[in-house]
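I opened my notebook to record what I looked up in one protein model.

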Amino acid sequence: MAAIFHIIRKDELDLLNEDYYIPESLTSDGFIHCSKAEQLEEVLNQLLKNEKKITIIKINVEKTKSEIKFEAPIEAPQSTIYYPHIYGPLNKDA
């Protein structure tokens, strides 16, 4: 099983109770930000080190119904490091 990961902040946990997970980034950026396993620590240290409570969900890419693209971060479009982005709601069974 190929897997990617998504970090959820405490204030977003209630979004997991629906059939599909639709975080704010899907509306604001057009996709759900994710990481490969080897990128998680860096993302946590750079972007979420001051968060008190987070949840990391493991996503089975083979079960994900929405399209997944591996792309440079939107804040660094010239980067050669690519992160997985889910272009649509995340079905909970993934």
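My entries follow, going from the whole chain to single residues.

**Ground rules**

I am working with a predicted model, where local features need pLDDT of at least 70, side-chain atom pairs count only at pLDDT 80 or more, and totals for chains, interfaces and linings use all residues. Residues are numbered from 1 along each chain as its sequence is written, and side-chain values use heavy atoms, with hydrogens and water left out.

**Entry: overall fold**

I looked up the helices and strands first. The protein has two helices and seven strands. Here helices (H or I, at least four residues) and strands (E, at least two) are DSSP runs, numbered from the N terminus. I read the order along the sequence as β-β-α-β-α-β-β-β-β.

Next I checked the size. The C-alpha atoms fill a box of roughly 35 × 30 × 30 Å along the principal axes.

**Entry: surface and charge**

I looked up how much is hidden. Of the 94 residues, 35% are buried. Buried means under 20% relative accessible area, exposed over 50%, and partly exposed in between (1.4 Å probe, protein chains only). The protein exposes about 6100 Å², and carbon and sulfur atoms supply 48% of that area. Accessible areas come from the Shrake-Rupley method with a 1.4 Å probe; for residues, only the protein chains shown count as cover.

Then I looked at charge. There are 11 positive and 16 negative charges, and their mean positions are 5 Å apart. Lys and Arg count as positive and Asp and Glu as negative, while His and the chain ends are not counted. I noted the place of each charge as NZ of Lys, CZ of Arg, CG of Asp or CD of Glu.

**Entry: contacts and cores**

Contact means heavy atoms within 4.5 Å. Among contacts between residues at least 6 apart in sequence, 70% join residues at least 24 apart.

Which residues make up the largest nonpolar core? I found 11 residues: Ile4, Ile8, Tyr21, Leu26, Ile32, Cys34, Ile57, Ile59, Ile86, Leu90 and Ala94. Strand S1 (3–9) and strand S4 (54–60) are the elements that give two or more residues to this core. Another core lies apart from it, with six residues, among them Phe5, Ile7, Val43 and Tyr83. A nonpolar core is a set of buried Ala, Val, Leu, Ile, Met, Phe, Trp, Tyr and Cys residues joined through side-chain atoms within 4.5 Å.

For the contact lists below, I left aside neighbours within four places in sequence. Tyr21 is in contact with residues including His6, Ile8, Ile32 and Leu90.

Leu90 is in strand S7 (residues 90–91). Leu90 counts as buried because its relative accessibility is 5%. Its contacts include Tyr21, Ile32, Ile57 and Ile59. Leu90 and Ile22 are 68 residues apart in sequence, with 6.7 Å between their C-alpha atoms.

Gly88 is in the loop between S6 and S7. At 10% relative accessibility, Gly88 is buried. Gly88 is in contact with Leu26, Ile32 and Ser66.

**Entry: His85**

His85 is in strand S6 (residues 83–87). Is His85 buried or exposed? His85 is buried, with a relative accessible area of 3%. Its contacts include Phe31, Ile32, His33 and Glu67. His85 and His33 are 52 residues apart in sequence and 5.1 Å apart, C-alpha to C-alpha.

**Entry: two loop residues**

Gln39 is in the loop between strand S3 (32–33) and helix H2 (40–47). Gln39 is buried, at 5% relative accessible area. Gln39 is in contact with Ile81, Tyr82, Tyr83 and Pro84.

Lys63 is in the loop between S4 and strand S5 (67–71). Lys63 is partly exposed, with a relative accessible area of 48%. Lys63 is in contact with Asn91, Asp93 and Ala94. Lys63 and Asp11 are 52 residues apart in sequence and 26 Å apart in space, C-alpha to C-alpha.
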